[in-house]
Each structure stands twice: as C-alpha cells, then as structure tokens.
Amino acid sequence: MKQGKLYEEEEDDALPDSDALPDSDDEVELDKPRPIQIVLAHEDDHNFELDESALEKILLQEHIKDLNIVVVSVAGAFRKGKSFLLDFMLRYMYNRTSPCWIGGNTEPLTGFTWRGGCERETTGIQIWSEVFVIEKPNGTKVAVLLMDTQGAFDSQSTIKDCATVFALSTMTSSVQVYNLSQNIQEDDLQHLQLFTEYGRLAMEEIYQKPFQTLMFLIRDWSYPYEHAYGLEGGRKFLEKRLQVKQNQHEELQNVRKHIHSCFSNLGCFLLPHPGLKVATNPNFDGRLNDIDEDFKNELRNLIPLLLAPENLVEKEISGSKVTCRDLVEYFKAYIKIYQGEELPHPKSMLQATAEANNLAAVAGAKDLYSKGMEQVCGGDKPYLAPSDLEQKHQDFRESAIRHFRSVKKMGGEEFCRRYQEQLEGEIEEIYANFVKHNDGKNIFYAARTPATLFAVMFAMYIISGLTGFLGMNSIAALCNLVLGMALISFCTWAYVKYSGEFREVGTAIDQIAEAIWEQVLKPMSDNLMEDHMRQSVKNSIKAGLTEQVAHHARLKTD
C-alpha cells in the first residue's frame, strides 16, 4: 500500500491522520499523532541508538509524566502484520467508548506505517506519539503507550540485532505480543528463549520473574476444529505446547522451563486468516469490506482483551510500578548496556555449534601437546638442553596442529583458520611456561640471583677499597652503599626462598638480578671469554710457529 493512500484526509475518520515517519533530527510535533522512532537502527555497524529527545517529549509531558504506564508492544518475525495489528489497537483507543470502534467498512487503516509485500517496513523501535490517559475501574488513571518493533530474521539483521530489539521491547513493555504465523514451532520457542535470556542478562538484581505478560498471537490459524479461535482455544493449545513431559529430551524441557520462569503471565490467542484479498491484493489499504468476517469477529475480542480499562497491565520492574518519567530512565540505562561490550553476543545455532566444535578441537590439540611436553620435561624429569627442548616443542607443535586439522569441524576453512591461529598462540604460551619450568631445574640458573648479587658485592668491595686508598671517598661511599643494598637484597631473597613469604619482593629481586646479569655481567664475561679465546689462539699459533722454526733449525744443524 502506498503511503499517500494511508494518510488521505477523511473528515469522518476517528483516527487522526499521520504523515510519514519523521527523521530523528526533526522536531517531534505532539499536536499531530504519528509513529515516532525512538530506537534507531544503524545498518552499517549493526548498532542501536536511543533518540532521547523524542522519547522525553512524549513521556515527560506534564499531564502524564507521573502516571503509571502501560506499554503494549508487538514483536516477532518481519512481514507478519505487526503494524497492521497495532493500527486496529489505535482505532480502539480512539473509539473505545463506541461499540463500533473497529471502524467503517470503507475506511482505510491508518496509523503505524504498513504495507503488503515481502520487504520489511519497520526498523528499530517506534512508539505512537500520543499517550492515552485511561481511567481504570478502581478510579486510578494510567498512561497507555503502543510500541511497534522491527521484524526479526529479515535479510539485513543479524541475530544480535533481532535479540536486542526483542529484548529491549520485552524489558520495557508490560504486555509483549509475540506475533507468530500459523503455529508455535520449536524454533519459535528457542528464539524466544534466546531473546529473553539476552534481556535477562541486562537486568540486574532479579529476585522474581523478570518480565510480565507474554501473549502468543497465532495468525492465520488453520485448525479451528482442534482448537477454536480466540483466547480459550489458545489457552488449551498453549498448555499443550508448553507442557513439560518426563519423556521429553532435556533440551526441550529446558526451553519450556525457561519461558515459564521468565514471564509472570502467559497467554495465547488464535486468530484466523484475514482473507485472500488481504494477502494478494497489492492495493489493499485496510478497508474492512476486504477482510473476512471471522477475522473481524476475533479482532473485536482480541483488542479489548489487551486494552480495555479493566484488562490493562501496568508496567512493573522489580515489583515496583513504573511511571512515564521512570520509563525514560530505564530506556536510557538499557540502551547503554546493549551499546557496550559487557554482554555476550548472541549467535545463530550454526555459529554457536561451529564455535563449540572448533573450541573442542583446540582443547584436544592443546592436551596432546601438553602431554607430549610433560613426558619430556614435566614434573621430575631432568633438565633438558634448551636446543633439545626447542626441537621437541616444534615436533609436538606440528603434531598438535595436524590433530586439529584432522578433526571434522563446522564453519568452513576461513572460520577454522581463526581457531588454528588461536591454538598456535596458546601453544606458544604453554611452551614459555615449560621453558621456565625447565630453566628452574638448571642449578646454575637457580643460582643466578645469589651469584649475581655476590658478584656485585665483591666488585663493589674491591672498587671501594681501591677508590678509598686513592682518596676518592665519594666514589668509595657510593660503592659501599651499593654493597650494602646488594647484601640486604641477598638476605631478603634468601628469606623469601626459605619462608615462601613476600613472593612479590623475591620476584622483583630476581628480575633486577636478571637485568644486571643480562646487561652487565654476561657481556663482560662474554668479552673476557672472547679475549681469552683470542689470546689462547694467538699463543697456540705462536707456539706452533716457534716449534716449526726450532724443528727446521735442528734439521739444518743435522
């Protein structure tokens, strides 16, 4: 249906006309009711943004901001008639005192934008700009807000997008209408479990059921001979669908237990098909004379069931009723959580299974590598030369990678390559720990810290004596200070090793001694060794030449 047809001016229409949805940057005009987008969907980076100014202009109006709020939301798969249903809710709200609230036979359906076809219409979350003030039978006044949501599982939305929209609408609504087509299938329940768990993760301090009323709305119900249209038939059907049986698989039982644990009230309504004209006529604009009588009759029962004053469910969070002013703050808090990285990202069943499959293969390959290295240098095995340890590492590493590649995995080559890289990185970390463990068995490595400190003390003692003898007292004093610090460090290190206390101090002394060894003593010893070797070679060559000259001299004499 074209937008122009939706909003033709008709003086007799009870529902105010609506223009196209305004951009979030435009001024929100509250004198002309229309759908206002409050949660914006960014398709480029799959993030959501709350239009705080639009939400505040609607909910912080003086006459409603302190009233308890009733939020009725419709969610479900895309192209299943959610916005179409909400527009009949609008008709009821504007004409609720009239027995003919459903409208005239030739009156086009206006309100939230909708159309026929296979492409999605609604994105993010929209609310109706007019908040209805209703007096309940007990005399209290409440504010009623209608909410429309982006359809799930379209070709442009990720599982995270769908979960975020469904979770946000469920967390902020008092009645969530779960719009389904023809039946409640097992995957519908599994998706509901995923989406509600994603919402429950974002809610802190949950001492009771986190959500209020969930109404399963089964559209195009084709089995009235088994379960009659309406609420009673839906109740019996839902009881059968959500029944937990002893012979059920544990996975199926868990799904049903989860749904029961999340919602205070569960209901179901079976709605017939609206007719072929609705489904196949591209020019259908919501006129009642194009809709089947059965659908209209059940619609007259469904809408008051949700919105009649005696049936209104006020929004509660943690047992406290929520006002319009409160809801603004909850929206702000919840959207920040979903914009952050604190929550895990929900995934499709294939991706989750592929990840588990690859992680199991990584764990198996790591275990193979660790067991091989344990047999070589683990536990009480003797010290192994670093070059031999490196060779064993390379052998077991290749064996682990071959094992990982040999396991049948889901996800494809590119997906599995990420986990192979993860495996290689974790193997290098394990190898570094084995190197440290092996070095700890080297008596010279273990004695490096005391040997280094002793060498520093000896050097400082000699230099202090020489500089003091030459009258360089300041240098001698400095050397004595370093000598004293080295002695204190040596005694502290010995106490740490003996008692096991103050391990951080012992680690710091080891690191300082390691730095002195690597930066000072080792280069000096290498230079001395090199000079010694060079001198030895020179002496060997000189001795050889001298012997040859002497030998030739003896030969000439003979």
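Helix H3 passes helix H9 in a right-handed crossing; the near helix is turned clockwise from the far one by less than a right angle. H3 covers residues 82-94 and H9 residues 293-307. Helices are DSSP runs of H or I with at least four residues, numbered from the N terminus, and strands are runs of E with at least two. The axes lie 10 Å apart at an angle of about 70 degrees. Axes are lines fitted to C-alpha atoms over the stretch in contact, and angles run from 0 to 180 degrees between N-to-C directions. H3 is therefore roughly perpendicular to H9, a term for angles of 65 to 115 degrees.

Contact means heavy atoms within 4.5 Å. On the H3 side it involves Phe84, Leu85, Phe88, Met89, Tyr92 and Met93. H9 brings Phe295, Leu299, Leu302, Ile303, Pro304, Leu306 and Leu307. The contact holds 13 nonpolar residues, no polar and no charged ones. Here Ala, Val, Leu, Ile, Met, Phe, Trp, Tyr, Cys and Pro count as nonpolar, Asp, Glu, Lys and Arg as charged, and the others, Gly among them, as polar.

The model is predicted: local features need pLDDT of at least 70, side-chain atom pairs count only at pLDDT 80 or more, and totals for chains, interfaces and linings use all residues. Residues are numbered from 1 along each chain as its sequence is written, and side-chain values use heavy atoms, with hydrogens and water left out.

Next come H2 and H10. The axes of H2 (residues 52-59) and H10 come within 9 Å and cross at roughly 165 degrees. H2 is therefore roughly antiparallel to H10, the term for angles over 145 degrees. This crossing is right-handed. Glu52, Leu55, Glu56 and Leu59 of H2 meet Cys324, Arg325, Leu327, Val328, Phe331 and Lys332 of H10. Six of the contact residues are nonpolar, none polar and four charged.

A cavity is a set of points on a 1 Å grid over the protein atoms alone where a 1.4 Å probe fits but cannot get out. There are two cavities of 30 Å³ or more.

Conventions:
On a 1 Å grid over the protein atoms alone, a cavity is a set of points where a 1.4 Å probe fits but cannot get out, and a pocket is an open set with protein on both sides within 12 Å along at least five of seven lines; lining residues have an atom within 4 Å of a point. Grid points are joined across faces, edges and corners, and a volume is the space filled by probe spheres set on the points. Angles under 35 degrees count as roughly parallel, over 145 as roughly antiparallel, 65 to 115 as roughly perpendicular and the rest as oblique.
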